[in-house]
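Subject: The structure we talked about

Hi there,

Here is the structure I promised to send over. Have a look at it first, and then read on for what turned up.

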Amino acid sequence: MNSEAMLLADTFQKVRDLTKWYFSLLKDADPYMQWETNGKKLNSAAWLAGHLVWSEDFLIVKATGGKGVDIPWLEHYKIGGEGSLHEEKPDMKTLLTSLKAVHENATSHLLSLNNENLNEDNPLGFGFGGVKTKRMMIQHAIRHEAMHAGHLSWLCKINGVESI
């Protein structure tokens, strides 16, 4: 197994563990509540869960040439989404189960990549700072999830949930 792919998978797992912890702390909070500050609505915990399902499928699986998980509502939570929930308004159990399924698929796919694969441009042509490698997409997935874990920590504070 490729040691770099293992390191990337392990790093993403550490971030995911933090994300899961924040979601567990919010279990008694209203997952659909969109708090507002300075006239701006914040994303709900449910929307963040859906978005993280989409982003891992997009950034780690599809952007590195893998086969994504078939979830009918997934594209509703893509980049640039306005923060609304799709019509079925999924419960947190459904969202977190989907998050787990996508994560298992993404981890398996990520661990199948070698250094040559990681150096290739991603098939979506998407990039950051002019870098379009599959490695960059995985690195961005890690920082993207960490950023949203921070949003979940704010939702804990707003909901009066002690986290740290």
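Which residues make the nonpolar surface patch of about 330 Å²? This is a predicted model, so please read everything below with that in mind. The patch is made by L18, W21 and I164. I164 sits in the segment after helix 5, the helix that spans 134-158. With a relative accessible area of 82%, I164 counts as exposed.

The residue listed just before it tells another story. S163 also belongs to the segment after helix 5, but S163 is buried, with a relative accessible area of 16%. Leaving aside residues up to four places away in sequence, S163 touches W21, Y22, L25 and C156.

Next, the helix packing. Helix 2 (residues 45-61) packs with helix 5 at an angle of about 175 degrees, and their axes are 10 Å apart. Angles over 145 degrees count as roughly antiparallel, and the two helices are therefore roughly antiparallel to each other. On the helix 2 side, the contact is made by A45, L48, H51, L52, S55, L59 and I60. Helix 5 contributes residues including M137, H140, H144, H148, H151 and L155.

Now for the charged pairs. How many salt bridges does a search of the whole structure find? The search finds 6. Here are some of them:

- E4 and R135 meet through their side chains at 2.5 Å, N to O. This pair links distant parts of the chain, with E4 in helix 1 (residues 3-25) and R135 in helix 5, 131 residues apart. E4 is partly exposed at 23% relative accessible area, whereas R135 is buried at 17%.
- D10 and K14 form a salt bridge at 2.9 Å, N to O. D10 and K14 are separated by about one helical turn, because they are 4 residues apart in helix 1. D10 is partly exposed, with a relative accessible area of 37%.
- D57 pairs with K62, and their closest N and O atoms are 3.2 Å apart. D57 is buried, with a relative accessible area of 1%, while K62 is partly exposed at 31%.

Finally, R16, E56 and E145 are linked in a network of salt bridges.

Happy browsing, and do write back with any questions!

Best wishes

Technical notes:
Residues are numbered from 1 along each chain as its sequence is written. This is a predicted model: local features need pLDDT of at least 70, side-chain atom pairs count only at pLDDT 80 or more; totals for chains, interfaces and linings use all residues. Side-chain values use heavy atoms; hydrogens and water are left out. Patches are made of residues with over 30% relative accessible area and no salt bridge: like charges are joined within 9 Å, nonpolar side chains (Val, Leu, Ile, Met, Phe, Trp, Tyr) within 5 Å. Accessible areas come from the Shrake-Rupley method with a 1.4 Å probe; for residues, only the protein chains shown count as cover. A salt bridge is a side-chain nitrogen of Lys or Arg within 4 Å of a carboxyl oxygen of Asp or Glu. Buried means under 20% relative accessible area, exposed over 50%, partly exposed in between (1.4 Å probe, protein chains only). Contact means heavy atoms within 4.5 Å. Axes are lines fitted to C-alpha atoms, for helices over the stretch in contact, and angles run from 0 to 180 degrees between N-to-C directions. Angles under 35 degrees count as roughly parallel, over 145 as roughly antiparallel, 65 to 115 as roughly perpendicular and the rest as oblique.
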